[in-house]
Amino acid sequence: MKISQQDIVHLVEKMPAFPKTVHRVIELTSDMNCNPKDLVELIEHDPVMVMNILRLVNSAYFGLAQPITSVNHAVVYIGLNTVKNVALSTATIGVLPKRNEAGFDMEAFLLHSLSTATIARMMAKRMKVPSKDLFDYFLAGLMHDFGKIVFANFMPHEFKIALKIAKENSIHLYEAENEIFDINHAQVGSLLGEKWQLPQSLVDSLKCHHSHKEGKSQIIDVVSAADQITKELKFGYSGENLLEALPAIITKQFGKDINAIVTDLGDVNTEIDNARIFISS
Amino acid sequence: MKARFWGVRGSIASPGPKTVRYGGNTTCIEIETDAGDVIIIDAGTGIFPLAQSLLRRLPVKCSVFITHTHWDHIQGLPFFIPFFIPKNEISIYGAFDPVASQPIKDILNRQMEYCYFPVREGELKAEITYTNLRERETIEAGSARVTSILMNHPVLDFGYLVECDGKRLFFTGDNEPLYNIYSPDDDYYEEYETLIEMKNKLFIDFVRGVDVLIADSAYTSEEYPAKKGWGHGTFDSCIKLAEEAGVKSLYLTHHEPTRGDDALDVIYSGLQEKYAGPLEFRIASEGLEIEV
């Protein structure tokens, strides 16, 4: 089944967010005096909510001179109440079902995304990235597999076949996606990112997390490594069963042994547990 | 160019014995260039008396810039009499609504629907055009240039810079100075602080040295903590902005609806004592005309 770029963009216009976020957004926004920090924290733990906010604020409606790169950035530029109401609009679309016809576990997927985001941020911190830039790493980790949500939600039957082919033939999921859709999740994510004029660093992470040129972008290297670490530690599941080599910049900094990297990073489990509260309802 | 205040009240029209001198109509400012071009910023209830004055200058050709679509800035629009007269040409500008995903035309026309108003927008006789503005977009309005910039309010809100006849005037619309939503010990505090500094710098550069700054000073600094996040500035924050941007004169507007004339006088006296510097400032009142 080949899908056109136009089809993908059209489908995603009404993409629902994850259940816990939707419930909490409705709960938080029913209080006129809701804490802005709680709202931002909630939004930035849901790839769909983040995508909707960034897509809107980077759209031609605003024509802002600089790309908006985070939820906080959006709050500063368009105001808390506008961000709050956009989140509420997304919440009213409905929720992503926990189980879909692809048999793809969306809770496990969200845990994979949040874990990749969390570990990417921890690695960046360890690499002495300035604190004001740490969220870029978290965001790139959170969003890297966005294309899979599109497949699972809108093309579940075909995605089920892709998942099966990847598993049975021991090939990467993106290779199986290429066979089935003639496009893979990285391309879908970056296509949407480009269409919606998201920040280039985020688009690059969406596009290149499986095909990066090492050393070209530290964010992509870190996200790619965090993706492998998350898979190795089995935090959630993204449909991918094969590990990839860690980028050289990462092994140079942390060593080749994933367990040693995890030890070096500190208390990964606690950090991931903190992220889990954004998943189960 | 000249600027005239037709409405200086915030939130809701407040006629009555306590607001006779400063006025009870909500926001509406008229700017008339030396060439006679008319630019109107906001269509609060003050646009109704403005409309009466325009009837002496038919046919009316004017540009209406909406800072934002809260009631006190648009409620007078259905009563803008030039709408009902053929051969008038009225250009309306404002922000696209990103939440409802609707253009400014649809947002404004909703208040002329059957249940709210007896005449539908489609029945109006003047030639009316609507334009959604992007941030920093410049519109040539006759001999003037009007440029928008996003301000901070609980809805998209444009401040407008009007440049004409070698002079510059800026109106904030409703605006609350940005504040950090994080505490200093939060992880994001520094990032947020940086974002605020960046936006403030862009804004200060945008309004630097304007001849006239008209700014939202709804609250006193003492009242502000209870109103934080409501999207309005204070007398002190406006004076600080004016001093920082090196503006020549400041007009304080969007008066709190329960604040009477005497209370505004007391506040003004206090401000004059507190700020004895070179900045010229005064409290805007309905009917006040200034030569920019």
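Here is a short tour of a predicted model, from domains to helices to the chain interface. Numbering starts at 1 along each chain as its sequence is written, with chains lettered from A and ligands numbered from 1 in the order written. Local features need pLDDT of at least 70 and side-chain atom pairs count only at pLDDT 80 or more, while totals for chains, interfaces and linings use all residues.

**Stop one: the domains.** Select 17–93 of chain A for domain 1, then 106–276 for domain 2; these bounds come from an automatic or database domain assignment. Taken over C-alpha atoms, their centres are 23 Å apart. Where they touch, 13 residues of domain 1 of chain A meet 16 of domain 2 of chain A (contact: C-beta atoms, placed from the backbone, within 7 Å).

**Stop two: a helix pair.** Now pick helix H8 (134–143) and helix H13 (200–208) of chain A. Helices are DSSP runs of H or I, at least four residues, numbered from the N terminus. Their axes come within 9 Å and cross at roughly 40° (lines fitted to C-alpha atoms over the stretch in contact, with angles from 0 to 180 degrees between N-to-C directions). Show Asp136(A), Leu139(A), Ala140(A) and Met143(A) on H8(A), then Ser201(A), Leu202(A), Ser205(A) and Leu206(A) on H13(A): these residues make the contact.

**Stop three: chain B.** Bring both chains into view: 23 residues of chain A are in contact with 24 of chain B. On the chain A side, the elements giving two or more residues are helices H3 (36–43), H5 (71–78) and H6 (80–93).

Key
Contact = placed C-beta atoms within 7 Å.
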